[in-house]
Structure formats: C-alpha cells, structure tokens
Amino acid sequence: RNHKVNTDYIMTIPDGMGTWLAVFDEDGDVAGSISKRPNMLPVLDLLMEKGDEIFARADSAVIEVDLDKDIVKRVLDLCEKHGKKVFGLVSNMSIAAERRDLLRRYTCFICNQQEAGQLFMDDYSDKTPEQMRDILADRLPKAQIPSMVVTMGAQVIVWPDKVMYNTETGEVTELAASTTTSGKVTAVMSK
C-alpha cells in the first residue's frame, strides 16, 4: 500500500506459486529444470467474479502470455472491455508461439532476442539491433502483432516507436524514422 499497489484481491491458495527448480551450468545456461505449476483456476474464478471491478480501476495490465489460456483470454477480454492497455511477457515461448492468435490482442508483446527467433522460427542470435529493427518491421505487420519490445542485453528494440533507449545509461534519444514498404516506423536502441 505504501507504493500505491492495490492488494485487495491477493489470494492464498494451496501450493501457492508451485514448485520451481532450475540448474545452471558454469556458463550460466540452464542445464535442467523441473517445475510443478500452481493451480491457477482460483485466479480465473476471481476474474469471473470481480474482473470488471478490478479492471475498471486498473491503469493497464501485464500478464504472462503462457498462463492458463482461459485466464489469458479473460484478461484480454476485460482489458478490451475497459479500454486498458495489456502488455504480454513470456516465460515459456513454446506455449506462447502456439497462441499467435492471442498475441494480436496485446498492446505490446515483450520478449528477448532468442524468444523472438522462436516466435518467428528463425535464429536471430547474431543479428544487430539494426537488423532486428528491419526483421520486426517485416514480420510484425504480417503477424498482426501491434507492438513488440525485443531485449538484446543492454540494447532494446521498440517497434513501431521512434525512440532509442539505452538500459545501461538510461539515455533516451529520438531516432530518424526508418520506414518499410508497409509504411510502418521502427526504432532501435543501441549502446
């Protein structure tokens, strides 16, 4: 409450947030993991019962796109009904990629460079920010994804905004527009 976050709808449920374990190798890469996802149905029940009340008072929503599909659809429906922006984050890109139809309903989809490659079934690991800008300018209109942020370490690509943002220095710079044949504007952030 000191941070003006409404906690009126916080729930306690059996198993809480589930069980998660990840094992990393010496390079910091995931070598193995196990998990027991929590039962999210009480969240759906809450959204069905008090969703209008919650979203009418919200500024916007942020949701993991790979949560239970019924929960995701309910959040998207409520955001549309109440005119709220909804931002999608990903934790399991395999599930998110199966829900391409829902990605069109997000105000902005946020992922990293590797996840963007998984989404578009390509390898972007060696791409520069400028190359990613051009890839997004081409792929997003075809995928009908309205807006996307791709993180590349300290480099952040924001499509279709015209801002460059450096996460290390916090510097924000206006960029010259780079247009594609579709007329969409893309932007890139680099060090």
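1. The buried residues of helix α1 pack against strand β3 (60-64) and helix α2. In this predicted model, the buried positions of α1 are Leu44, Leu46, Leu47, Gly51 and Phe55. An α-helix has 3.6 residues a turn, so residues three or four places apart point the same way.

2. Helix α1 covers residues 41-57, and its 17 residues should span 24 Å at 1.5 Å a residue; the end C-alpha atoms are 23 Å apart, which agrees. A bend of about 80° is also assigned to α1, at Lys50. Both values are reported here as computed.

3. Helix α2 has 14 residues and reaches 20 Å from its first C-alpha to its last, close to the 20 Å expected at 1.5 Å a residue. Its buried residues are Ile71, Val72, Arg74, Val75, Leu76, Leu78 and Cys79. The partners against which the buried residues of α2 pack are α1, β3, β4 and α4 (100-103).

4. Which residues have the most contacts inside the largest nonpolar core? They are Val75, Phe109, Phe120 and Met148, in a core of 35 residues. Helix α2 (residues 69-82) supplies the largest share of this core, six residues. Beyond its neighbours up to four places away in sequence, Val75 touches Leu47, Phe55, Ala61, Ile63 and Val86. Leu47 and Phe55 are among the buried residues of α1.

5. The hairpin of β1 and β2 is a separate matter. Strand β1 (residues 19-24) pairs with β2 in the antiparallel sense over six bridges, and Trp20 stands opposite Ser35 in β2. Five residues lie between the two strands; in the turn, Gly28 has a positive phi of about 85°.

6. Does β2 lie in the open or is it buried? Strand β2 (residues 30-36) lies largely in the open, because the number of buried residues among its seven is zero.

7. Leu89 lies in strand β4 (residues 85-89). With a relative accessible area of 34%, Leu89 is partly exposed, since that value falls between the 20% limit for buried and the 50% limit for exposed. Leaving out residues up to four places away in sequence, Leu89 touches Val62, Ile63, Glu64, Val65, Asp66 and Ile110.

8. Gln113 is found in helix α5 (residues 113-119). Its relative accessible area is 15%, so Gln113 counts as buried, the cut-off being under 20%.

9. Totals for the protein follow. The secondary structure comes to six helices and eleven strands. Of the 191 residues, 35% count as buried. The accessible surface is about 11600 Å², and carbon and sulfur atoms hold 50% of that surface. Among contacts with a separation of 6 or more, residues 24 or more positions apart account for 53%.

Definitions and conventions
Residues numbered from 1 in each chain as written. Predicted model: local features only at pLDDT ≥ 70, side-chain atom pairs only at ≥ 80, totals over all residues. Heavy atoms only, no water. Buried < 20%, exposed > 50% of the residue type's maximum accessible area, 1.4 Å probe, protein only. Helix = DSSP H or I, 4+ residues; strand = E, 2+ residues; numbered from the N terminus. Pairing = 2+ DSSP bridges. Core = buried A, V, L, I, M, F, W, Y, C linked by side-chain atoms within 4.5 Å. Contact = heavy atoms within 4.5 Å. Expected span 1.5 Å × (residues − 1). Bend = angle between axes of the 7 residues up to and from the residue. Areas by Shrake-Rupley, 256 points an atom, 1.4 Å probe, with all protein chains shown as cover.
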